[in-house]
Amino acid sequence: GLGFEEERQGGGIRLGKEFADLVQAGLTYQLFRTRISDVVENASTDLKAEEGTNTISLLGAAVSLDGRDNRFEPTRGYYAFTSADLAGGVVGGDKEFYRLQGGASYYLPHAGRFVLESRFRMGIVEAYSETTDVPIFERFFGGGSGTVRGFRERRVGPRDPNSNDPIGGEATALATVEEVMMLIKDERGRPILKGSLFLDVGNVWRRVGDFGESFKAGTGVGTRVNTPIG
């Protein structure tokens, strides 16, 4: 429903190291070709500008601190990360931009079956050198699962003034507070069904200089179901 076709071909390599069971550091390199085609006539100007094929060469580094009791189903502890990516310049490619991201989460069990989860993350991405604008497929988008719930997918953030299509932005921030209750567990004590009450606050801004100008909020209830396949 986004009015275009996107095809990516490429690959990457990642090298990582764990220190003292808590700290993890890694380096990544990705080389891929992105092809944007079949753009509808009334698409946004930003999307039409990316029609065609571009090669992205990207070098990244990340460091994380993981103090959770379980990486996939945490009930207590903390997690924090920071990462930096560089595309173009010394690593080549058709587009030149850099991206910085960071975030943290904290899990507090209480009253037996309840866990209070709090999460925060933010990021910026900017073009440099001969690239005048960050490619639309490398920008941040908000709305929908994993961002500000209660809004449609990609409907939080900048829109094209003519088509009203989401065009993404160079800066984002998101904070979540969620009360999670274990409803059903298996014979080993692993959660099968959870219920939650959440509050999401965040936004996506077109330019880095607009960071923090306004925020969107969504609140509601939800369920999480664990199955043998995910």
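How many bridges join strand E7 to strand E8, and in which direction do the two strands run? Strand E7 (residues 171-185) and strand E8 (residues 191-205) are joined by 14 bridges and run antiparallel. Within this pair, methionine 182 stands opposite lysine 194 in E8.

This is a predicted model, in which local features need pLDDT of at least 70 and side-chain atom pairs count only at pLDDT 80 or more, while totals for chains, interfaces and linings use all residues. Residues are numbered from 1 along each chain as its sequence is written, and side-chain values use heavy atoms, with hydrogens and water left out.

Strands here are DSSP runs (E, at least two residues), numbered from the N terminus; two of them pair if DSSP finds at least two bridges between them. Strands of a sheet pair through backbone hydrogen bonds, either parallel or antiparallel.

E7 and E8 belong to an open sheet of nine strands, with antiparallel pairing and the order E1-E2-E3-E4-E5-E6-E7-E8-E9. Its edge strands, each pairing on one side only, are E1 (5-19) and E9 (216-225). On average, neighbouring strands of the sheet are turned by 15 degrees against each other, direction ignored; the axes are lines fitted to C-alpha atoms, and angles run from 0 to 180 degrees between N-to-C directions.

Strand E5 has bridges to E4 and to E6.

| Strand pair | Residues | Bridges |
|---|---|---|
| E4 and E5, antiparallel | 77-87 and 97-110 | 11 bridges |
| E5 and E6, antiparallel | E6: 114-127 | 14 bridges |

Alanine 80 stands opposite alanine 104 in E5, and glycine 102 has methionine 122 in E6 as its bridge partner. E5 and E6 form a hairpin with three residues between them. In the turn, alanine 111 has a positive phi of about 50 degrees.

Key: Helix = DSSP H or I, 4+ residues; strand = E, 2+ residues; numbered from the N terminus.
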